[in-house]
Amino acid sequence: YVLYTSGSTGEPKGVSVAQRGLSHYVSHASEEYLVGLSGAVVSSPLAFDATVTSLLSPLVKGLCVEVLPESTDVIESLALSISGDEAQLYKVTPAHLEGLCHVLAATDVAHCFVVGGEQFTRPLLRRCQALLPESTFINEYGPTETVVGCSIYRVGPGESLEGEGGVPIGKAIQNTQLYVVGAYDQLQPLMSIGELLIGGDGVANGYVGREDLTASRFVANPFSSSGRVYRTGDLVRYLSDGELEYIGRRDAQVKIRGYRIELGEIEQQLLSLPSVSAAVVTVQEEASGAKRLLGYVSLTEDSQQDGNALREALIAKLPAYMVPAVVTVLDSLPLTVNGKVNKAALPLPSGEGSAVAYEAPRNEVEAQLCAVWSQVLGAERVGRHDNFFTLGGDSILSIQVVSLLKKQNIQL
């Protein structure tokens, strides 16, 4: 098949998958995911490659497949199905699980949930285990370019995964090689972050009509005399126990005020906070060209923390240049039809984006200062407690501030 995907780049491209790669994955899924189950439930659109798991894998074993109508509320439909008596396979995103935690009644049926598409967090896993104690949860990682999934981390009934942050993405499935490499394709040691290269039977043919892009992403295996690997652009590291941990996207690296920042690293720190169940970090560019980090989170059910408190917690964990200017708390993160976070639908922060309560200038000098900051930073409103660098200022812009204030006979 050819399946068009934008991945994390936002640019649609057709991935050409060979029958060899498809049968390789379906063989893995049917052997690993369906033991003791009566069938599977398809809850994602047919144009999303995650559907391969729950649609084709049961059919090759002669099991039943139920396809939920796309016109219905997917969370309500899933909850109704999960509450049934038969043990089924479900392929879901973490966002689906987050929604289910709010509506699902506890059940002892031994379902199998294969989770993919976005990062699966440990706190969310524990919440799901409390509702579904007999179910198995499999964190599956894999880009469309290597056919749905290439590594898994399994958590069975009665098993626990303590701590915060993300669930590991585990180890390679059959006939698959995972390499963590540095800038010059040298293998990285344990605990060192690098780009993930994927080799094996699941590597796709390439991108339809995009020979240049295919040549840059599907390359000869540097660790074998034959075969190709796919350059994922994903940053990972091997933990001391040999399990892979997902860190973020290489192309999610941004440069703000001269600092190179991995957005995924900030998201990891947000997810490590006990009250946070989901998190995403974006960059907003002001009309002046200044950039600032924005954080968005949804909280666990029992948490009452606000964005300012979460931002203060980050200050203790990250250098100042990596702390978002604003952390916004949402009831839930907006999703695409495939259940992934829809960054384009994230709201702008309320107010003018300050992380502190606005307080007007108290005298003429403070009014002049706020006016100059507003002019240089492109901010509609600046209060007397705002931080210049938090609002997008840098050392170059500070020179402009000094110059403009000198013209008003104010010396800094």
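## Nonpolar surface patch

A nonpolar patch is made of Val, Leu, Ile, Met, Phe, Trp or Tyr residues that have over 30% relative accessible area and no salt bridge, their side chains being joined within 5 Å. In this predicted model, Val2, Tyr4 and Val208 make such a patch, of about 290 Å². Tyr4 belongs to strand β1 (residues 2-5). Its relative accessibility is 55%, so Tyr4 counts as exposed.

The whole structure holds 11 salt bridges. One of them pairs the side chains of Glu32 and Arg154 at 3.4 Å, N to O. Glu32 is in helix α1 (residues 19-32) and Arg154 in strand β8 (residues 151-155), 122 residues apart. Glu32 is partly exposed at 36% relative accessible area, and Arg154 is partly exposed at 37%.

Glu140 and Lys91 form a salt bridge at 2.7 Å, N to O. Because Glu140 lies in strand β7 (residues 136-141) and Lys91 in strand β5 (residues 88-92), the pair ties together parts 49 residues apart in sequence. Both Glu140 and Lys91 are buried.

In the salt bridge of Glu195 with Arg231, the closest N and O atoms are 3.9 Å apart. Glu195 is in strand β11 (residues 194-200) and Arg231 in strand β14 (residues 228-238), 36 residues apart. Glu195 is buried at 6% relative accessibility, as is Arg231 at 18%.

## Salt-bridge network

## Surroundings of Ser43

Ser43 sits in the loop between β3 (39-42) and α2 (51-59). With a relative accessible area of 13%, Ser43 is buried. Leaving aside residues up to four places away in sequence, Ser43 touches Leu68, Val74, Leu78, Lys91 and Val92.

Methods: Residues are numbered from 1 along each chain as its sequence is written. This is a predicted model: local features need pLDDT of at least 70, side-chain atom pairs count only at pLDDT 80 or more; totals for chains, interfaces and linings use all residues. Side-chain values use heavy atoms; hydrogens and water are left out. Helices (H or I, at least four residues) and strands (E, at least two) are DSSP runs, numbered from the N terminus. Buried means under 20% relative accessible area, exposed over 50%, partly exposed in between (1.4 Å probe, protein chains only). Contact means heavy atoms within 4.5 Å. Patches are made of residues with over 30% relative accessible area and no salt bridge: like charges are joined within 9 Å, nonpolar side chains (Val, Leu, Ile, Met, Phe, Trp, Tyr) within 5 Å. Accessible areas come from the Shrake-Rupley method with a 1.4 Å probe; for residues, only the protein chains shown count as cover. A salt bridge is a side-chain nitrogen of Lys or Arg within 4 Å of a carboxyl oxygen of Asp or Glu.
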